[in-house]
Amino acid sequence: MAAGPTAARLLGIQGLPPDDGTLHVAVPHGTIRSRPGVHVYRTPVPDHARTTLRGIPLTTPARTCADLLLQLPRTEAVSMLDSALHQGVLTSADHLTLPAHLSGRPGASRARAWIPLADARAESPLETRIRLICLDGGLPPPVLQWRIPDPAQNRTYRIDLGWPAHLIGIEADGQGPHGTPQALYQDRFRQNRLATLVPGLTLLRFTWADTYRPGSILIPLRQALQRP
């Protein structure tokens with residue numbers, strides 16, 4: 001059955017490392033071995049951790065997420081969990097079963113510590129990365145999807161991460177959603193509208209490149225939070 005990153009991609013989970021084309025499968029002991037292009041998991045998979053999707057056998061979402069928690073670095077692991085929860089692939093009930101899926105496996109203690117960091121409100125891996133940088137930097141936890149009502153237009157804007165008491169927000173500008181000329185025009189209109197709706201609002205914008213230099217996020221954010 002498909003397992004690990006292969007199962008996660010079949011389930012539509014985001015936040016994974018780039019796909020190198022390797023097929024990840026769980027198989028009974030002694031049937032096939034790992035070879036170039038095929039990675040075999042020999043950890044037994046109980047019946048309750050197996051399912052099918054469009055006729056393809058694979059590990060359940062909970063088992064898949066547990067396996068990846070043991071394989072991925074912290075940032076990618078939490079991004080993966082956020083994506084699975086946000087899309088409803090992993091239910092809140094499934095989330096509670098993750099420690100049981102990890103029990104007795106190498107690396108379980110480290111992986112269990114990351115489970116509470118997951119948040120279904122995160123809409124992209126970029127938002128997750130920025131949130132973890134803020135938490136690791138000792139900043140107050142942000143509000144995810146800070147909602148700003150606009151009665152005049154009968155709509156509500158959402159800011160990716162925010163500190164409403166300080167009138168500070170962060171927008172995670174992914175290359176896809178924000179990279180076109182039309183998107184840039186819409187972002188400018190939106191930012192101007194938010195400045196009207198929330199006088200004194202400081203809206204910071206960060207990209208993937210900024211997450212590789214945490215200081216580029218933490219320094220301006222700390223300065224904004226320290227202002228009266």
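**Entry 1: α6 and α10**

I began with the crossing of α6 and α10, which is right-handed; a crossing gets that name if the near helix is turned clockwise from the far one by less than a right angle, and left-handed if anticlockwise. I read the contact (heavy atoms within 4.5 Å) as made by Ile 130, Ile 133 and Cys 134 of α6 with Ile 217, Leu 218 and Leu 221 of α10. Sorted by type, the residues of this contact are six nonpolar, no polar and no charged. For the sorting, Ala, Val, Leu, Ile, Met, Phe, Trp, Tyr, Cys and Pro count as nonpolar, Asp, Glu, Lys and Arg as charged, and the others, Gly among them, as polar.

I then looked up the geometry: α6 and α10 (residues 215-226) pack at about 60 degrees with axes 10 Å apart. The axes are lines fitted to C-alpha atoms, for helices over the stretch in contact, and the angles run from 0 to 180 degrees between N-to-C directions. The two helices are therefore oblique to each other, since angles under 35 degrees count as roughly parallel, over 145 as roughly antiparallel, 65 to 115 as roughly perpendicular and the rest as oblique.

**Entry 2: ground rules and the whole chain**

I noted that this is a predicted model, where local features need pLDDT of at least 70 and side-chain atom pairs count only at pLDDT 80 or more, while totals for chains, interfaces and linings use all residues. Residues are numbered from 1 along each chain as its sequence is written, and side-chain values use heavy atoms, with hydrogens and water left out.

I found ten helices and eight strands in the protein chain; these are DSSP runs numbered from the N terminus, helices being H or I of at least four residues and strands E of at least two. The C-alpha trace spans about 65 × 35 × 35 Å along its principal axes. Of the 228 residues, 47% count as buried, meaning under 20% relative accessible area, with over 50% exposed and partly exposed in between (1.4 Å probe, protein chains only).

**Entry 3: α3**

I moved on to α3 (residues 74-86), whose 13 residues reach 18 Å from first C-alpha to last, close to the 18 Å expected at 1.5 Å a residue; that expected span is 1.5 Å times one less than the number of residues. Which residues of α3 are buried? I listed Ala 77, Val 78, Ser 79, Met 80, Leu 81, Asp 82, Ser 83, Ala 84 and Leu 85. Their cover includes α2, α4, α5 and α6. After α3 comes Gly 88, with a positive phi near 80 degrees.

Against α6, I got an angle of about 125 degrees and axes 9 Å apart. That makes α3 oblique to α6, and the crossing is right-handed. On the α3 side the contact includes Arg 74, Glu 76 and Asp 82, and on the α6 side Arg 129, Arg 131 and Asp 136 are among the partners. Here the residues divide into three nonpolar, three polar and six charged.

**Entry 4: two single residues**

I checked Asp 67 in helix α2. Asp 67 is buried at 5% relative accessible area and touches Gly 4, Thr 59 and Arg 105, leaving out residues up to four places away in sequence.

Last, I looked at Leu 201, in the loop between α8 and β8. Leu 201 is buried at 17%, and its C-alpha lies 8.3 Å from that of His 166, 35 residues apart along the chain.
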